[in-house]
Amino acid sequence: MQTVKLINGVEIPILGFGVYQIPQEETAQSVKDAIQAGYRHIDTAQSYMNEREVGKGITESGIAREELVVTTKIWVQNVNYDGVIKSFDESLERLGLDYIDLLLIHQPYNDVYGAWRAMEELQKSGKVRAIGVSNFSVDRVVDLAEFNEVKPQVNQIEINPFQQQAQTIADLHAEGVAVEAWAPFAEGRNNLFSNPVLTKIGEKYNKSVAQVIVRWLIEQNVIVLAKSVKPERMAENIAVFDFELTSEDQQQIATLESGESQFFSHKDPAMIKMMANRKIEGI
């Protein structure tokens, strides 16, 4: 598996398995199936409410802990110094792990700076190997980096053919920050899986639309977080190292850019208020 080396030397598999919106009763089996398919990077979050099931799937897979990269994220209500310390220990307990490979601030709200100081301490203690953020704009990432001891090592953001974020990717890479893509398939919006541009490119290589998208992101050195509960799709999404896109292919994909999120704006006051008021029991 190809990896991305973070600025602190930690290596992350460029393909990860995301568990967002996978029901609790299906999560453990999905994680086992993903590991069986070859995934070695599992991405969860406190707000997904399935950390315990992720841990169960890891344990039941029989895979050695050191072979895996496990990510979780601190939810908004816990984004402050004390909240990180307390909720991190709870996440560890739910996952059944002794350490986390990558810990992220899930959203750019609440006391981000207090939370970051706690995360720096967790990293120094060895309980966390790498720390970063999710859904931060480039200026927020740089601000966090400039006024703290440790620079964010990762920013996980929405990237898909309709929200390509090419300049953001370039700017983050220029800052030494690795980029991860959530919702690479835009959850199928805009009839993504039957899109004529992507379908035509896929036919040329005997690949699916999903495989074309994953390959497109890999060629930008972006870590891809793909989700499926079907083992055959998991295997398909990881079988992307036997072809390369041409510059013409990439130009065609560029025409799909809408310049807008396929979900919501992180600058929308109503969305910020909603997340601020979303209190999740048990985290």
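Author: Helices here are DSSP runs of H or I with at least four residues and strands are runs of E with at least two, numbered from the N terminus. The model under discussion is predicted.

Reader: Between which strand and which helix does the loop that holds Ala186 lie?
Author: Ala186 has a phi near 50 degrees, a positive value in a residue other than glycine. The loop in which Ala186 sits lies between strand S9 (178-182) and helix H7 (196-205).

Reader: Is Ala186 buried or exposed, and what is its relative accessible area?
Author: The cut-off for a buried residue is a relative accessible area under 20%. Ala186 therefore counts as buried, because its relative accessible area is 0%.

Reader: Asn206 also has a positive phi; is Asn206 buried or exposed, and at what relative accessible area?
Author: Most residues other than glycine have a negative phi. For Asn206, which is placed in the loop between H7 and H8, phi is near 60 degrees. A residue is exposed when its relative accessible area is over 50%, and Asn206 is therefore exposed, with a value of 72%.

Reader: Which residue follows H2, and what is its phi?
Author: Helix H2 covers residues 51-61, and Glu51, Glu53, Val54, Gly55, Gly57 and Ile58 are buried in it. These buried residues pack against helix H1 (24-37), strand S4 (41-43), strand S5 (69-74) and helix H3 (81-95). The residue that follows H2 is Gly62, with a positive phi near 80 degrees.

Reader: Which backbone nitrogen does the side chain of Ser228 reach, and at what distance?
Author: Ser228 belongs to the loop between strand S10 (223-226) and helix H9 (231-238), and it counts as buried because its relative accessibility is 12%. The side chain of Ser228 reaches the backbone nitrogen of Lys230, at 3.1 Å.

Reader: Leaving aside neighbours within four places in sequence, with which residues is Ser228 in contact?
Author: Contact requires heavy atoms within 4.5 Å. Once the neighbours within four places in sequence are set aside, the residues in contact with Ser228 are Phe17, Ile22, Arg233 and Met234.

Reader: How much space lies in the largest pocket?
Author: The lining of the largest pocket is made up of 39 residues, and those nearest its centre are Tyr20, Gln21, Trp182, Ala183 and Glu187. Helix H8 (209-218), H9 and helix H11 (269-276) each give at least two residues to this lining, which by class holds 17 nonpolar, 13 polar and nine charged residues. The space in the largest pocket comes to about 960 Å³.

Reader: Which element gives the largest share of the lining of the second largest pocket?
Author: The second largest pocket has a volume of about 470 Å³, and among the 21 residues that line it, Asn135, Phe136, Ser137, His266 and Lys267 are the closest to its centre. Two or more lining residues come from each of helix H5 (138-146) and strand S8 (154-158). By class, the lining has seven nonpolar, nine polar and five charged residues. The largest share, three residues, comes from H5.

Reader: Which residue of S8 is the bridge partner of Val133?
Author: Strand S8 is largely enclosed by the rest of the structure, because five of its five residues are buried. Strand S7 (residues 128-134) is joined to S8 by two bridges, and the two strands run parallel. The bridge partner of Val133 in S8 is Asn155.

Methods
Residues are numbered from 1 along each chain as its sequence is written. This is a predicted model: local features need pLDDT of at least 70, side-chain atom pairs count only at pLDDT 80 or more; totals for chains, interfaces and linings use all residues. Side-chain values use heavy atoms; hydrogens and water are left out. Buried means under 20% relative accessible area, exposed over 50%, partly exposed in between (1.4 Å probe, protein chains only). A polar contact is a pair of N or O atoms within 3.5 Å; within protein, one must be able to donate a hydrogen and the other to accept it, and residues adjacent in sequence count only if both atoms are side-chain atoms. On a 1 Å grid over the protein atoms alone, a cavity is a set of points where a 1.4 Å probe fits but cannot get out, and a pocket is an open set with protein on both sides within 12 Å along at least five of seven lines; lining residues have an atom within 4 Å of a point. Grid points are joined across faces, edges and corners, and a volume is the space filled by probe spheres set on the points. Ala, Val, Leu, Ile, Met, Phe, Trp, Tyr, Cys and Pro count as nonpolar, Asp, Glu, Lys and Arg as charged, and the others, Gly among them, as polar. Two strands pair if DSSP finds at least two bridges between them.
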